[in-house]
Amino acid sequence: MSAKIGEVYITMAKSNESRGGHYHSTASEYFTIIQGKAILLLEDIISHELLNLHLDSENPRTIRVPPYIAHKF
């Protein structure tokens, strides 16, 4: 069985711009910073728990955002 790859996007932003600000009811998304730095703001839309992740390309990691977690960079 081969691994399924969905859609792949490259998004760019200037300092102090935001991207996202939404959630999905069925899909998970994966994010990796490949250049620069960003803060990934996460909110569980059911419990309203908040998490801010500081990400940068010097120490890259891939973050999985599951359904019902609002996300914004």
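1. Let's start with Met 12, which sits in the segment before strand E1 (20-22). Strands here are DSSP runs of type E with at least two residues, helices are DSSP runs of type H or I with at least four, and both are numbered from the N terminus. Met 12 is exposed, with a relative accessible area of 68%. On this scale, buried means under 20% relative accessible area, exposed means over 50%, and partly exposed is in between (1.4 Å probe, protein chains only).

2. A word on what you are looking at. This is a predicted model, in which local features need pLDDT of at least 70 and side-chain atom pairs count only at pLDDT 80 or more, while totals for chains, interfaces and linings use all residues. Residues are numbered from 1 along each chain as its sequence is written, and side-chain values use heavy atoms, with hydrogens and water left out.

3. Now the overall layout. The protein chain has zero helices and six strands, so you can read its pattern as β-β-β-β-β-β, strands being the E runs of DSSP. Its C-alpha trace spans about 35 × 35 × 20 Å along the principal axes.

4. How much of the protein chain is buried? Buried residues account for 16% of its 73 residues. The accessible surface is about 6,200 Å², and carbon and sulfur atoms own 53% of that; such areas come from the Shrake-Rupley method with a 1.4 Å probe, and for residues only the protein chains shown count as cover.

5. Look at the contacts too (heavy atoms within 4.5 Å). Take those between residues at least 6 apart in sequence: 61% of them join residues at least 24 apart. As a separate example of spacing, Gly 6 lies in the segment before E1 and is exposed at 56% relative accessible area. Its C-alpha is 9.7 Å from that of Glu 29, which is 23 residues away along the chain.

6. Next, charges. The protein chain carries 7 positive and 8 negative side chains, with the centres of the two sets 4 Å apart. Lys and Arg count as positive, Asp and Glu as negative, and His and the chain ends are not counted; each charge is placed at NZ of Lys, CZ of Arg, CG of Asp or CD of Glu.

7. Which side chains meet in a salt bridge? Arg 19 and Glu 17 do, at 3.7 Å from N to O, and the structure holds one salt bridge (a side-chain nitrogen of Lys or Arg within 4 Å of a carboxyl oxygen of Asp or Glu). Side chains of opposite charge can pair when their charged atoms come close. Arg 19 is partly exposed at 35%, and Glu 17 is partly exposed at 37%.

8. Finally, check the backbone at two spots. Most residues other than glycine have a negative phi. Yet phi of His 48 is positive, near 65°, and phi of Tyr 68 is also positive, near 65°. His 48 is in the loop between strand E3 (37-44) and strand E4 (50-56), and is exposed at 52%. Tyr 68 is in the loop between strand E5 (62-65) and strand E6 (69-72), and is partly exposed at 36%. From C-alpha to C-alpha, His 48 is 9.2 Å from Ile 69, 21 residues apart in sequence.
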